[in-house]
Amino acid sequence: MDTSRLLRTSGAVLAAAALLVSCSKPSSPGGDTVASPAQHGPDARPESDKATKPLEPLPTAVPAALRPYYDQKLSWRSCGPKGFECATLRAPLDYEKPSRATDLELAVSRKKAPGPGKRIGSLMVDPGGPGASAINYLQQYAPEPAAVKARYDMVAMDPRGVARSEPVRCLSNKQMDGYTQVDQTPDDKAEQTKLTTAYKKFADGCRARSGKVLGHVSTVEAARDMDIFRAVLGDRKLTYVGASYGTFLGATYAGLYPSRVGRLVLDGAMDPSLTSRQLNEDQTAGFNTAFNSFAADCIKKRDCPLGTKSTADAGKQLSAFFRRLDTRPVATGDSRKLTESLATSGVIAAMYDESAWPLLREYLTKAQKGDGSGLLALSDTYYEREPDGSYANQMFANPAVNCLDLPPAFSSPAQVESALPAFRKASPVFGENFAWAPLNCAYWPVKATGEAHRIEAKGAAPILVVGTTRDPATPYPWARGLASQLSSGRLLTYEGDGHTAYGRGSDCIDTAVNTYLLEGTPPAKNKRCS
């Protein structure tokens, strides 16, 4: 089976995240009951921190210095699959000091509404990441409902620093291969030094290869680019479907431009009021919930590679398997062996979509017998590594955005060590990985420009926030938190597994979202689907 087709990008790599690049990886487009998250996790904290400052809206009038960007005309040309067009949008590198000499060139794409039915306007989509290509998502997957595509011009923009839009680059393909294999659960000071050295080399590579844009890839700046795109398209208000990190981008737009909010769908929501430490710890608990759901399903089957006793025992067996790989990696048929770090990223990739569970059972069984090729393929999908050994830009753009948006969770290995008990409690299987992951931002060459904040978007039209109860990457309490902050937030809940909900098989969710997009009518308050 083609793992890249199974685990299609839909909103992956998040602000919190796992592994060396502070990331998480996607599943099929659209987007957490067996066990609840740990008590110190997301359900133990108020849904939004009233002490955090709200994001202040920008003036409604376009500043004179930005008027040339809002008045530009796009030169569209055919590209990609039949019916799609592409163009280049100009945006200022620095919104405080716009200058044509430093303008960014941002890639945009569209497919005009074919009908039947009257055209409603443009619908902008973003699959998240940060770092996922919105244009690739648009041209390959989004959105599925024919009725929506018929009435809207479907549009997308690769955010600054991503894919076709002034992409951040950090390492060569060979260097990236080495980076993904660094031990991310150090057992002693020597291994800690190897990990921090890898983080520093990664950051130095980003500075050397992407110095121009590295300080200007924040979510706020990307949201301001979206407003230019909206205006250039001729739309008075923004209609938008964002998944995963794309919800943070969409909510940020709403906070900056509440009067320009049209119909916004934020699926697999992030909570902007949380710190980097809180996001990482919550996501650790989220992946623990997802793993327990997988394990509960697995142990019912005779071929379960993690035994048939209990979810707790399955977790212990997986942890023991990872420990064996730490000292004895297994062959893959590739020049790379399956290390603990690559196996962990492969398992995490399969947590995003329950349709990947049979594949994960098969690949774990093969790996236990000495064939790590399956888990390596899942890991490569996670990291967007192509068969020719090349890497997409996502794993470079991801930390570039995350480390700019929030101050680092930890500033030293000693701080991580003190936090390890809490992370292990949140997830006995993945806790150490998630604890060490955010340390990469401690060595980032650009100081964070953002901080945790509430988004209220007072005066905005109704905004639809979608949350999945056992979502591993964007835990359900984040959706509740965002919906409670937004003055016009409307929460739609999917009781199920996997990352995000729209377009993933729930008729109840799809009908509610499509009705909102086509008619402007949000679902009833606190509507739940299963």
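Trainee: What should I know about the model and its numbering before we start?

Mentor: This is a predicted model, in which local features need pLDDT of at least 70 and side-chain atom pairs count only at pLDDT 80 or more, while totals for chains, interfaces and linings use all residues. Residues are numbered from 1 along each chain as its sequence is written, and side-chain values use heavy atoms, with hydrogens and water left out.

Trainee: Why is the disulfide of Cys298 and Cys304 called right-handed?

Mentor: The torsion about the S-S bond of Cys298 and Cys304 is about 110°, so this disulfide is right-handed, whereas for Cys403 and Cys441 the torsion is about -80°, so that disulfide is left-handed.

Trainee: Why is Cys508 called partly exposed, and why is Cys529 called buried?

Mentor: Buried means under 20% relative accessible area, exposed means over 50%, and partly exposed lies in between (1.4 Å probe, protein chains only). Cys508 has a relative accessible area of 25%, so Cys508 is partly exposed, while Cys529 has 1%, so Cys529 is buried.

Trainee: Which cysteines are bonded to each other along the chain?

Mentor: With bonded cysteines counted along the chain, the disulfides follow the pattern 1-2, 3-4, 5-6, 7-8, 9-10.

Conventions:
A disulfide is a pair of cysteine sulfur atoms within 2.5 Å.
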